[in-house]
Amino acid sequence: MALIDIDGVSKTYALGNDRELTAIDRIALSIREGEFVSIIGPSGCGKSTLLHMIGGFVPCSAGEIRVRGAAIHEPGPDRGIVFQHFALFPWKTVLGNVEYGLAERGVAKAERRRTAQSFIDMVKLNGFENTFPNRLSGGMQQRVAIARMLACEPSILLMDEPFGALDAQTRKIMQEELRELWQRFRKTVVFVTHDVREAVFLSQRVVVMSARPGRIKTIIETGLGPDATRAAIDAKADELWDLLRDEVVRTIAEEGRGL
Amino acid sequence: MAARTQMKWLRRGFERNLSVVAVLVLWEITTRAGVFNNFLLPPLSKVLMRGWLDLLNGEIPRQVLATGTVTLVGFAIAALSGVAAGAMMSISAIARRIMEPLVSVALPIPKISFLPIFILWFGLGDVPTIMMIAFTCVVPIVSATFLGTTTVDKYFLWSARTLGTRRHALFWKVVIPAAAPQIISGLQVAFPLALIIAVVTEMLTGGDGLGGYMIHAVRFAQSDKVFAGLLATLLTGMVFIQSFAWLRARLLVWHAETAVVAGA
Amino acid sequence: MSKALRIAIFYLPIFVGLALWELAARASLLNPSLFPSLGETLTAFGRLATKGHLLDHAELSLFRQSSGFFLAAFFGIASGILMAENRRARNILEPLLRATYPLPKSALIPLFMLWLGIGDSAKVAAVFLGCLLPIVLTTFNAARGINKQLVWSAWSLGTPKWLIPWKVVLPAALPEVMSGLRIALALSFTLMVSAEFLIGQRGLGFLIGTLGEDGDYAGMFAAVLAVTIIGFAADRLFVWLNGVLLSWRD
């Protein structure tokens, strides 16, 4: 059974003067448990909006999103999220941020401190527990965001262009570490990006969306499971990179003509 | 067709200001029904009547003119000297050294408390009022100008230098235009302040202007006049603020920005 | 160089200015009946402090100013955040705010004289209502401008929707809210002094006026000095508090 069922989901915005903008048009997608799925596409294709809808922050205009069979309307502890610009609480330290979800759950102080600490160690930020986010580099801030999300042990990880604001070097490192984390914990991940190579590197399935309105254009299986070797990943990435790049380029070109 | 769009525009304006209309209607109804003491809160119709009468007999226009004039004169003095002083502070290290602590002290203090000193020196009448307005407004203007001219993005300056602007021309060609939004924001903040101070000063020097009008109304227990004065002052303030916003949009037509002062 | 020394050097031009004042007075450059010397002013200050009940007046003024200011801060911040978070509150309150914004805050003083007479409540009301609007507006703008993803993150991590204004919106908006409060603080002193000038009944504003009327100009200058010092000290205190509350900003 699919973990996440996106069933004929659309999102429209009212523009005043009785006009409407269709951001997403009848998307249907099923995501299995433990799967790493990337969603790529040109800007304006609604990939982030779709992610926000899975997260429960934005309601669907039509259709329904079900997690484990139950329709979702609100954020919940089963779906964690990280954003491109980290969204760390600047008035809280690293520890304060990572602990936050645990505190909201009513976990006792000593225990949540221990749990938070273990996740801080996992993202290799031990020593920075009492630092405020504005003193951390982009990569470090994103690690805190990831730790904060993981500390609540959600079964689904939603990642909204998480490495988009980082420099190329840091991005590479974060991609590798994310893949390692996924291989270790096998959580379900829905990953939005516009970096084709990143998508191929990380996922088992890549969903390509077209824009205006947002629709699924193609879904490609990378065939790279959690046990894939580095060599296999690189080879597959090269092979699919060309294929996908053509797709994305064609989508952008079509979109350009349509405009 | 034109009539229909006009109706739509009117309806939209009505809907957007529904709560204001509701308050006005409630005012009239509750006062007529005697819910409130009709002396302390005269019915809206009575206030409007008084306002209309005093408009026709020239009293309100005279006071508006008086208040408006001193406000504009005082503000103009503050604007010219303030921008000049602020600019000077950014050019000259000595000017900065002397003026920075003065501005820093002058900013938070209630400058209105100096009014009795101004009255002592200049007597009653327009002069202390204008001086008070200028004194109060010049400080935030100097501060904003100084801040704007000293925090110009150095990349603007470097680009200009590379493109041939000589050092001494940089100030007029780059710094002032780049600082313009912040300078105008400072002016925009100081402008309502000018009106506030004008009204208070008029109340204290007792005589002319909208402030004087309202204080006399209180002293002679004419509550409808107090409210009429409030309405007239509100409308005057509205005209001033709108004019300034219009002016700002004209001057900064190149600048992509949202409203600077909260709510305006 | 120690901090105290650096501060003293910064304010040096002011001390120089004060010294020039005294010298000008001594050199008979100033009309003594219009412009008392610094020395006379300070002497008068001492006199007022010891025998003239300066402290009592100051205490009363400060009471009026702080009551009005804190009331405005409390209701203003609460309203501003409410408007930002609740569509209905915003639709009701925003037009009212926009309509009353252009009114010079001081214009309300005669109205309060009419309604509340000549006691403390008129002055507190003047300060309260005068400061309320600017605080509501800056808080509203600040709350509107926070990063929405902070709200989403907290929501996703389990914070219930009704707690979000307190747990996320307020801390995120705080820097901008504090800037608005600082300006409102200065305004509160101006309104307090204005109200005391007009309505009388003790307080520093009243004192300044009375001393002027009695011809005690050195005393009047001293009272003005007292108000200036208090206003400046309050601002410094606020800056310190700001540093403490926003220590996470560095």
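Reader: Why are some residues of chain B called buried, and how many are there as a share of the chain?
Author: A residue counts as buried when 20 or more other C-beta atoms lie within 10 Å of its own. By that test, 40% of the 264 residues in chain B are buried. Please keep in mind that this is a predicted model.

Reader: How many helices and strands does chain B have?
Author: Chain B has 11 helices and 0 strands. Its pattern along the sequence is accordingly α-α-α-α-α-α-α-α-α-α-α.

Reader: How do you know where in chain B the prediction is confident?
Author: The guide is pLDDT, the predictor's confidence on a scale from 0 to 100. Chain B has a mean of 86, and 96% of its residues reach 70 or more. Helix α7 (residues 126-150) of chain B has the highest confidence, at 93, while helix α1 (residues 2-16) of chain B has the lowest, at a mean of 75. Residues 258-264 of chain B have a pLDDT below 50, although in the model this stretch makes 15 contacts beyond near neighbours in sequence.

Reader: Which chains are in contact, and which pair shares the most contacts?
Author: Two residues are in contact if their C-beta atoms lie within 7 Å. There are 2 pairs of chains in contact, and chains B and C share the most contacts. Between them, 47 residues of chain C meet 43 residues of chain B. On the chain C side, the helix that gives the most is α11(C), with 9 residues. By class, that side has 35 nonpolar, 9 polar and 3 charged residues.

Reader: What about chain A and chain C?
Author: Here 20 residues of chain A are in contact with 14 residues of chain C. On the chain A side, β6 (79-82) and α2 (94-104) each supply at least two residues. That side has 12 nonpolar, 4 polar and 4 charged residues. Chain A and chain B, by contrast, do not touch, and their nearest C-alpha atoms are 11 Å apart.

Reader: What makes α6(C) a covered or an uncovered helix?
Author: The count of buried residues decides: 7 of the 9 residues of α6(C) are buried, which is why α6(C) is called mostly covered. The buried ones are L108(C), I109(C), P110(C), L111(C), F112(C), M113(C) and L114(C). Their cover comes from two chains, including α9 (170-205), α10 (209-219) and α11 (223-251) of chain B as well as α7 and α9 of chain C. After α6(C) comes G117(C), with a positive phi near 75°.

Reader: Why are β6 and β10 of chain A said to stand at the edges of their sheet?
Author: The strand order is β6-β7-β8-β3-β9-β10 (chain A), in an open sheet of 6 strands with mixed pairing. β6 and β10 (215-221) of chain A each have a single partner strand, so one side of each has no neighbour in the sheet. Neighbouring strands are turned by 20° against each other on average, direction ignored.

Reader: How do you know that β6(A) pairs with β7(A)?
Author: A pair of strands needs at least two bridges between them. β6(A) and strand β7 (residues 156-160) of chain A have 4 bridges, in the parallel sense, so they count as paired. In this pairing V82(A) stands opposite M159(A).

Reader: What makes β1(A) and β2(A) a hairpin, and which strand else pairs with β1(A)?
Author: Strand β1 (residues 4-16) and strand β2 (residues 19-31) of chain A pair in the antiparallel sense over 9 bridges, and the hairpin they form has 2 residues between the strands. N17(A) in the turn has a positive phi of about 60°. I4(A) has I31(A) of β2(A) as its bridge partner. β1(A) also runs antiparallel to strand β4 (residues 62-67) of chain A, joined by 5 bridges. There, D7(A) has E64(A) as its bridge partner.

Conventions: Residues are numbered from 1 along each chain as its sequence is written. Chains are lettered from A and ligands numbered from 1 in the order in which they are written. This is a predicted model: local features need pLDDT of at least 70, side-chain atom pairs count only at pLDDT 80 or more; totals for chains, interfaces and linings use all residues. Ala, Val, Leu, Ile, Met, Phe, Trp, Tyr, Cys and Pro count as nonpolar, Asp, Glu, Lys and Arg as charged, and the others, Gly among them, as polar. A residue is buried if 20 or more other C-beta atoms lie within 10 Å of its own, exposed if 12 or fewer, and partly exposed in between; C-beta atoms are placed from the backbone. Axes are lines fitted to C-alpha atoms, for helices over the stretch in contact, and angles run from 0 to 180 degrees between N-to-C directions.
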